[in-house]
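Please read this note alongside the sequence and the model.

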Amino acid sequence: MKSLAELEAIKSKMKDFVDMRREDSACDHADSVRATVLVCGGTGCTSSSSPKIIKEFNDQIAAKGLENEVKVIQTGCFGLCALGPIVIVYPEGAFYSTVQVEDVEEIVTEHLVNGNIVTRLLYEETVQEDSIKSLNETNFYKKQMRIALRNCGVIDPENIDEYIALDGYKALSKVLTEMTPEQVIDVIKDSGLRGRGGGGFPTGIKWMLAAKSPNVIGKYVCCNADEGDPGAFMDRSVLEGDPHAVIEAMAIAAYAVNAEQGYIYIRAEYPIAVKRLQIAIDQAREYGLLGNGIFGTDFNFDLEIRLGAGAFVCGEETALMTSIEGMRGEPRPRPPFPAVKGLWEKPTLLNNVETYANIPQIILNGAEWFTSIGTEKSKGTKVFALGGKINNTGLVEVPMGTTLREIVEEIGGGIPNGKKFKAAQTGGPSGGCIPASLMDVAIDYDSLIQIGSMMGSGGLIVMDEDNCMVDIAKFFLEFTVDESCGKCTPCRIGTKRMLEILDRITKGNGCLEDLDKLEQLAYSIKESALCGLGQTAPNPVLSTLRYFRDEYEAHVIDKKCPAGVCKALVSYKIVADKCKGCSLCARQCPVGAISGEIKSPFTIDTSKCVKCGACVEKCKFGAIIVE
Amino acid sequence: MNKQETVAFNGTKEQEAKLMEAIARHKGTDGALIPVLHEAQSIYGYLPIEVQAMISKNLDVPMAEIYGVVTFYTQFTTEPKGKYHIGVCLGTACYVKGSGDIFNKIKEKIGLTGDSTCTPDGKFSIEATRCIGACGLAPVLTVNDEVYGKLTVDDVDRILSKYTD
Amino acid sequence: MEMVTISINGKSISVPKDYTILQAARSAGIDIPTLCYLKDINEIGACRMCLVEVKGARTLVTACVYPVNEGMEVFTQTERVRKARKAVLELMLSNHNKKCLTCARNRNCELQTLAEELNVTELPYEGAQTPSTIDDVSPSIVRDNSKCILCRRCVAVCKKIQTVGAIDATQRGFNTTIGSSFEKSLNETDCAMCGQCVSVCPVGALYEKDGLAPVWKALADETKHVVVQTAPAVRAALGEEFGLPIGTPVTGKMAAALKALGFDKVFDTDFAADLTIMEEGTELLNRIKEGGKLPLITSCSPGWVKFCEHNFPDFLDNLSSAKSPHEMYGAILKSYYAEKAGIDPKDIFVVSVMPCTAKKFEAQRPELSGTGYPDVDAVLTTRELAKMIKEAGLKFNELEDAVFDSPFGDEATGAGVIFGATGGVMEAALRTVADVLTGKSLDKLDYTEVRGTEGIKEAAVKIADMDVKVAVAHGLGNARKLLNNIREGKADYHFIEIMGCPGGCVTGGGQPIQPAKVAAEIDLKAERAKALYAEDKAAGLRKSHENPYIKKLYEEYLGEPCGHKSHKLLHTHYQERPKY
């Protein structure tokens with residue numbers, strides 16, 4: 001790729017073909033192609049057989065001789081993972097959800113041949129009497145604003161031309177031919193973009209610091225794609241759905257800080273993302289968008305993928321670099337900061353995937369555009385991975401400042417089974433639990449810190465009344481203990497001791513002093529651990545202690561688990577009034593703990609009961625309760 | 001005090017040639033050890049001492065350092081995987097939907113106790129995985145490349161019964 | 001040097017710009033506790049003992065790695081700092097096998113000292129212990145992970161300084177332990193047994209394999225003629241075990257103590273060092289004359305020899321076939337001496353007191369038994385000798401100086417003494433080789449170019465009309481570097497001295513252990529070496545070949561250096577050993 005003109009040529013060649021599938025475009029064909037079938041090829045939908053669906057579509061379309069008129073495209077994630085596998089047919093924009101391989105024939109025959117939308121497969125909310133509601137008007141999408149995810153679910157991530165059709169690599173060409181590195185850094189600084197991987201450090205400043213370090217014997221630009229927070233998968237989705245955005249952004253960053261080599265450190269658990277990223281790198285090289293003399297300038301840049309091997313701590317920047325160096329992924333003390341002494345002791349710039357995904361858009365649309373979105377100190381959007389007890393599990397991108405209530409109740413479609421919202425956990429093992437009373441706080445970096453949580457990478461796990469907050473804290477501590485690298489004393493031993501205390505509490509062996517001890521330990525670890533992960537590891541405990549202390553106290557004083565989760569603390573009881581004496585429960589009980597006479601109320605011998613819950617599930621009358 | 005090897009090493013000449021090719025390809029590049037370990041594990045399925053010794057010798061990295069790296073990263077294993085490798089996701093989304101119980105039920109069903117992860121006959125092995133990203137299907141488990149979602153404890157028998165040979 | 005001004009606890013000080021907070025504080029006389037920190041070797045900020053408060057920093061920072069900068073305000077003893085350090089220590093203690101009374105490092109343990117200094121009075125966080133094992137299979141070193149606090153000094157010294165890497169951090173999180181590949185015993189690895197890991201261990205997780213029991217037993221056995229010999233370096237450090245300043249020579253008190261312990265004969269390994277020079281020097285001259293394999297490399301350091309067998313099998317023919325001095329001594333004791341004294345060699349029990357853990361391994365080599373009996377029956381480290389002296393209730397510092405026994409001991413040369421310092425063997429050899437080559441008794445005695453603590457020393461020494469090219473390396477990392485240079489054709493020499501331990505035997509793995517804090521301030525290898533060079537200077541005879549007992553030994557028994565009898569008794573061979 002030697003010039004912008006070459007890029008424009010590809011763009012105009014592809015324009016109609018890609019435009020047809022954009023919600024805001026009126027384009028309804030591209031030369032002979034009159035319809036496009038988009039099938040989600042994200043990890044979620046792939047797990048529910050979307051590759052088989054694609055094959056079936058291609059077979060059926062070929063069988064009908066439509067291959068020149070109808071194109072099937074495998075895209076990245078659409079976000080609404082709960083309804084996968086998802087298929088969208090354009091130009092109509094018919095959103096088919098939970099599509100099975102057996103449904104394909106019907107879609108092809110009815111929709112693509114006969115022109116009748118298959119209403120029974122449509123996403124319920126889009127069904128209107130005589131038309132389909134645009135996706136942008138559904139609750140799930142209405143409040144979303146897609147910057148980082150703009151191409152996810154729109155383009156074929158394995159086809160660089162589709163990326164180019166949507167202004168791909170235009171930002172890189174602009175930067176290389178019209179801007180100085182200082183100007184690029186100024187735009188990023190002015191945009192107010194902050195690191196999307198966890199701490200929220202201002203990206204422009206990071207770039208400036210890296211740029212300031214002299215390039216004596218090499219300098220690196222790295223991408224952190226070691227997304228390890230349980231429940232977070234936005235980085236994976238970006239790489240699966242729009243890998244070129246990250247490559248383009250890294251090239252821009254390299255130009256800005258004067259680096260020539262980049263590394264993308266990605267979890268090996270993300271095979272699809274790795275594959276697409278490699279395809280994208282190969283294509284970019286082929287087009288001369290990576291390599292020497294990019295866009296006819298003297299700028300050289302190339303990229304290499306390095307795979308993680310299953311260590312959460314490698315998401316920490318110094319640990320990530322140690323891991324790329326081929327060692328145990330243990331963090332090292334800062335300073336020196338990576339911008340001064342990073343990978344192989346050379347100046348290194350490291351950003352996460354979502355951060356990079358914003359860069360080309362900021363360059364193209366300007367800092368002012370970006371600052372118009374979000375809150376005073378947190379600009380732009382944030383992608384959240386919704387999970388847990390929520391109807392619309394999936395990926396959403398919202399402007400900073402959106403409230404938790406909007407995300408959970410509107411976008412997320414609320415809690416399943418009419419249960420009550422109890423808390424939302426953000427920031428993974430480094431974050432905390434936000435109680436219902438704070439649902440109207442406008443979410444940004446600083447508000448989350450203030451309420452004892454953090455943005456983290458953007459996992460958002462919803463919990464309902466059936467979740468025990470002590471158990472949740474224990475779950476996160478277990479995770480931290482498992483994933484602690486073991487280098488520094490406070491994290492290695494301190495988190496283990498905290499877990500032991502939590503374990504005592506959930507087993508009914510805790511005492512009030514344990515709560516103080518827990519708190520003390522938590523603060524010590526925050527003060528003294530080596531890396532950011534250790535320093536934030538106590539957050540799940542501290543935040544639950546802060547907002548749900550009563551639950552802890554119930555465990556240690558009353559020896560009760562209010563949510564009925566901690567097995568050692570619950571007992572099963574049959575409510576005599578409701579029991580019809582059918583004996584179903586007694587027959588179900590694996591240990592013979594239930595007895596009684598037919599047609600009169602049964603009872604449970606709590607000394608025998610193993611609390612397996614089988615009886616509760618079988619009882620048709622709701623007569624068995626857990627206390 | 002040596003770790004008992006559960007299954008005798010029986011690497012083939014072909015595997016060794018592949019490993020040597022992989023080492024030759026990576027040798028000289030910075031941070032070659034982890035990429036080589038990845039390739040070695042995909043060639044042999046696991047990283048027994050014999051494989052680590054070959055890597056040590058040809059990549060000139062001390063044995064203890066290799067072992068330190070292998071035992072640091074959960075994806076590397078020094079134990080062979082079963083014919084059917086079961087991964088139960090214990091990520092948050094799956095956990096709050098009860099995947100812990102499913103994990104225990106499977107262990108019980110295939111007869112594993114304590115820390116052992118592979119049945120002596122080499123048929124089943126089990127692993128608690130981190131989030132595999134199929135949270136919409138929570139709770140999920142995988143058997144080799146097959147994914148099972150929206151599970152309850154009662155589904156365990158049905159799934160295991162598919163892998164009888 | 002560019003200076004910056006910082007304040008510590010309100011006091012303004014000016015320090016070099018590249019200092020850490022720890023260096024700055026210590027230079028100002030302010031102590032900050034450390035554990036994992038080992039100057040220049042292990043600076044990883046892992047243990048978190050040295051936490052201090054820096055104004056404006058979000059969390060506490062570790063003084064050992066945190067660089068100073070202009071205007072920085074540091075506080076080292078605030079409530080916040082004290083609490084945090086104590087919590088870290090309490091956590092460490094909660095996962096430590098606290099059997100201090102019976103620990104090898106009781107009263108010389110950096111963790112124990114800290115517990116006292118930080119006034120730890122309770123242990124609030126007791127809980128599960130990291131699974132651990134004791135590896136006591138090797139003849140030299142015991143590893144007890146239940147005591148380990150994961151400071152990783154041992155790993156750093158083994159991997160970075162010695163370039164062996166026999167142990168490393170394995171597993172992770174709470175299960176992290178220091179170990180070898182697949183938890184094998186050190187004995188099954190390429191460990192050189194140098195014991196540098198032992199020297200740097202702040203606690204009792206690494207110590208020498210106990211050799212005392214058989215020695216006490218032999219001493220109590222009437223039928224045994226128990227002979228002890230002490231290596232040159234022992235006298236330069238033994239005093240430290242009894243509170244004497246570093247570098248105090250205690251030759252006379254040591255001889256007195258050994259006699260008081262009941263050894264039948266107390267000999268000086270210096271004599272055998274002279275013997276080694278005769279054999280090795282002759283070997284060198286022969287190889288030069290006959291076009292034999294060069295460079296000739298010394299073989300008196302058993303850590304180095306084992307390292308060579310594992311890593312440089314192509315250099316085994318370069319190793320001098322001469323046994324190490326104490327092994328030569330053992331062989332002479334069980335042959336010539338036995339004959340002269342009329343004792344059946346089977347009743348002679350030879351104890352070597354060595355600054356070395358690898359000597360314990362060496363003594364077990366089956367090939368080192370030229371008389372049909374093991375040359376040496378037991379090897380004790382300097383530390384173990386101190387334990388014996390304490391156990392016997394001897395007041396070491398009050399003992400009156402005694403001399404070594406005849407017929408070998410009372411006249412060793414200064415050449416033998418300096419064997420204990422890096423460059424000493426080379427210097428001793430040069431003194432003899434020069435006289436032989438020129439056929440004169442030269443006045444030149446001091447070859448200062450091979451002295452000093454630089455890692456690799458090179459010199460071209462003009463003797464007669466020949467330029468003898470020599471090199472000296474100490475520490476296995478330097479040895480590796482030197483041999484790689486030779487392998488790659490970047491250097492060539494006639495004669496090389498290699499010592500396994502940095503500094504040579506004075507800082508061997510069996511020497512008294514000084515806390516890291518002391519070792520950071522005082523150059524142990526230089527101070528202890530000074531004691532040896534002083535003894536050399538004061539010696540009546542300073543050339544090995546001038547030792548009258550050496551002459552007598554050759555006249556009466558051995559014939560000539562490298563002759564038939566020498567070959568049988570004083571020479572050995574080496575074998576390639578696998579890396580794992």
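1. Does C:Arg480 count as partly exposed or as buried, and how many C-beta neighbours does C:Arg480 have inside 10 Å? C:Arg480 counts as partly exposed because it has 19 C-beta neighbours inside 10 Å, where a residue is called buried with 20 or more other C-beta atoms within 10 Å of its own, exposed with 12 or fewer and partly exposed in between, the C-beta atoms being placed from the backbone. C:Arg480 is found in helix H15 (residues 476-487) of chain C, helices being DSSP runs of H or I with at least four residues and strands runs of E with at least two, both numbered from the N terminus. Leaving aside neighbours within four places in sequence, C:Arg480 is in contact with C:Thr163 and C:Asn311, a contact being two residues whose C-beta atoms, placed from the backbone, lie within 7 Å. C:Glu362 is 118 residues from C:Arg480 in sequence and 21 Å from it in space, C-alpha to C-alpha.

2. On conventions, this is a predicted model, in which local features need pLDDT of at least 70 and side-chain atom pairs count only at pLDDT 80 or more, while totals for chains, interfaces and linings use all residues. Residues are numbered from 1 along each chain as its sequence is written, and chains are lettered from A and ligands numbered from 1 in the order in which they are written.

3. On confidence, the predictor gives the complex an ipTM of 0.95 and a pTM of 0.92. The mean pLDDT, the predictor's confidence in each residue from 0 to 100, is 95 for chain C, with 99% of its residues at 70 or more. For chain B the mean pLDDT is 87, and 92% of its residues reach 70 or more. Among the elements of chain B, H4(B) has the highest mean pLDDT (98) and H5(B) the lowest (73). Over residues 1-5 of chain B pLDDT stays under 50, and the model has ten contacts for them beyond four places in sequence. Where pLDDT is low, the predicted coordinates should not be read in detail.

4. Chain B holds seven helices and four strands, and from the N terminus on its elements run α-α-α-α-β-α-α-β-β-β-α. Its C-alpha trace spans about 50 × 30 × 30 Å along its principal axes, and buried residues make up 44% of its 165 residues. Of the contacts in chain B with a separation of 6 or more, 62% are between residues 24 or more positions apart.

5. Two parts of chain B deserve a separate look. H4(B) is mostly covered, as ten of its ten residues are buried, among them B:Met63, B:Tyr67 and B:Phe72; these buried residues pack against H2 and helix H3 (49-59) of chain B together with S8 of chain C. B:Thr129, in strand S2 (residues 124-129) of chain B, is buried because 22 other C-beta atoms lie within 10 Å. Apart from neighbours within four places in sequence, B:Thr129 is in contact with B:Gly87, B:Val88, B:Cys89 and B:Leu90.

6. Where chains A and B meet, 28 residues of chain B are in contact with 35 residues of chain A. On the chain B side, helix H2 (33-44), helix H4 (63-72) and helix H5 (92-96) each supply at least two residues, and H5(B) gives the most, with four residues. By class, this side has 16 nonpolar, ten polar and two charged residues, where Ala, Val, Leu, Ile, Met, Phe, Trp, Tyr, Cys and Pro count as nonpolar, Asp, Glu, Lys and Arg as charged, and the others, Gly among them, as polar.

7. The contact between chains C and B takes 19 residues from chain C and 17 residues from chain B. Strand S8 (residues 168-170) of chain C provides the largest share of the chain C side, three residues, and that side has five nonpolar, seven polar and seven charged residues.

8. Helix H2 (residues 79-94) of chain C has 16 residues and reaches 22 Å from its first C-alpha to its last, close to the 22 Å expected at 1.5 Å a residue, the expected span being 1.5 Å times one less than the number of residues. The buried residues of H2(C), including C:Val81 and C:Leu89, pack against elements of both chain A and chain C, among them helix H18 (489-506) of chain A and strand S3 (51-54) of chain C.
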